[in-house]
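Look at the sequence and the 3D structure below before reading on. The paragraphs that follow go through some features of the backbone, a pair of charged side chains, and the surroundings of the ligand.

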Amino acid sequence: MTDITSKAEAALAAIGAATSLDALEAERLETLGKKGWVSLALKTLGGMSPEERTAAAPAIQSARAAIAEALDAKKAALEAAALEEQLARETVDLTLPALAAPKGSVHPVSQVMDELAEIFADLGFAVATGPEIEDDWHNFTALNMDETHPARAMHDTFYFPDRTPEGREILLRTHTSPVQVRTMLAAAQTSPGGAPVRIIAPGRVYRSDSDATHTPMFHQIEGLVIDRDIHLGHLKWTLETFLKAFFERDDIVLRLRPSYFPFTEPSVEVDVGYASENGRRVVGGSGDAPGHAWMELLGSGMVNARVLQMGGFDPGQWQGFAFGVGVDRLAMLKYGMNDLRAFFDGDGRWLTHYGFSPFDQPTLSAGVGARA
Ligand code: PHE
């Protein structure tokens, strides 16, 4: 018994004197390890008579408890000391400038789409979407361009080699107008004969075309309103209100010119007055004013009765207007870029220059309500 007690005292002293985690581990193996003397002593209890065991057990068990506790305490102390020492060694110089982490930014096209959604939400428009891979029925036929219609040739369409199970040609949509068709069909389905519609449809469109102002993929936003007693005046007011809110100026002047689109009748091309300032086009003022000119901005018109019909609406009861405008074009005019191709090059420097912080949004200073 004295043997156990004195061995335990020696072990506790050795543990207390250990100066490294390695030395401590060696001490643990010698005592509580599988072949350590404490473990072996505990095993001998099994072979003893009850009397012997009652006499021998307390010393062994208290030795084990004391050693285990001392090992834990010493381990914690050595680890804390190691950390303390590491912290002292590895000082951080808080006066050094922080390393700049690359920051993402919101692409001007996304920014402008958000602005447009915000403006049109104020006017009661919902956002609608449709597929970029379309069939020729939705992209052309239902928009009053049947298979032989010459206007199909006006769009430099990307076709896929396959056809749909119904035999329709598959293509990349050339405009956002097929979303008009999908929206009308969905509305007519829930409400046969028609129902009021007020949507914008922003998205990517594709045409085989490429120069400084054309890219094979670009963005449009479509607008569609269908209701009773809708006329050109509603179209003009809506476009004027939206452009004033978007460009954040009250002196937006529009010129409506007769035009042709198969899906609208009558059709109007909308021009906006602008002035050139330091080689940049600044929208505002009449195009007829000195130093000003007109710029073609968007296509629009009253929804063709045949389009209403193919969309499931009764043209005797419902009228509507539609417009389509280039989103990239709007971004260039508002934020002053001059080469459309740079929009889609993915050059970080361009994005750093023209991108928007997601946290520090330039909100539209006066919403539609303030100007309408
Ligand atoms: N879809 C036409 C285009 O891409 C624009 C447009 C839309 C014209 C709606 C009239 C009405 O050129």
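Asn144 sits in the loop that runs between helix H6 (136-139) and strand E3 (159-163). The model is predicted. In it, the phi angle of Asn144 is near 70 degrees, which is a positive value in a residue other than glycine. Most residues other than glycine have a negative phi, and most peptide bonds are trans.

The second part of that rule also has an exception here. Between Glu265 and Pro266 the peptide bond is cis, with omega at about -5 degrees. Pro266 belongs to strand E8, which covers residues 264-277.

Next come the charged side chains. There are 16 salt bridges in the structure, and one of them links Glu25 with Arg28. The closest N and O atoms of this pair are 3.0 Å apart. Where do Glu25 and Arg28 lie? Both are in helix H2 (residues 21-31), and three residues separate their positions, about one turn of the helix.

The remaining topic is the ligand. Its place in the protein is the largest pocket. How many residues surround the ligand? The number is 14, and the closest are His175, Ser177, Arg207, Gln220 and Gly324. Sorted by type, the residues of this shell are four nonpolar, eight polar and two charged.

Several strands contribute to the shell. Strand E6 (217-227), strand E10 (292-303) and strand E11 (319-326) each provide at least two of its residues. The largest share, three residues, is supplied by E11.

Some side chains of the shell can be followed down to single atoms. For Ser177, a polar side-chain atom is 3.0 Å from a nitrogen atom of the ligand. In the side chain of Arg207, an N or O atom lies 2.9 Å from an oxygen atom of the ligand. The side chain of Gln220 likewise has an N or O atom 2.9 Å from an oxygen atom of the ligand. How much of the ligand does the protein bury? Taken alone, the ligand exposes 320 Å², and 91% of that is buried by the protein.

Key:
Residues are numbered from 1 along each chain as its sequence is written. This is a predicted model: local features need pLDDT of at least 70, side-chain atom pairs count only at pLDDT 80 or more; totals for chains, interfaces and linings use all residues. Side-chain values use heavy atoms; hydrogens and water are left out. A residue is near a molecule or strand if one of its heavy atoms lies within 4 Å of it. A polar contact is a pair of N or O atoms within 3.5 Å; within protein, one must be able to donate a hydrogen and the other to accept it, and residues adjacent in sequence count only if both atoms are side-chain atoms. Accessible areas come from the Shrake-Rupley method with a 1.4 Å probe; for residues, only the protein chains shown count as cover. On a 1 Å grid over the protein atoms alone, a cavity is a set of points where a 1.4 Å probe fits but cannot get out, and a pocket is an open set with protein on both sides within 12 Å along at least five of seven lines; lining residues have an atom within 4 Å of a point. A molecule sits in a cavity or pocket if more than half of its atoms lie within 2 Å of its grid points. Helices (H or I, at least four residues) and strands (E, at least two) are DSSP runs, numbered from the N terminus. Ala, Val, Leu, Ile, Met, Phe, Trp, Tyr, Cys and Pro count as nonpolar, Asp, Glu, Lys and Arg as charged, and the others, Gly among them, as polar. A salt bridge is a side-chain nitrogen of Lys or Arg within 4 Å of a carboxyl oxygen of Asp or Glu.
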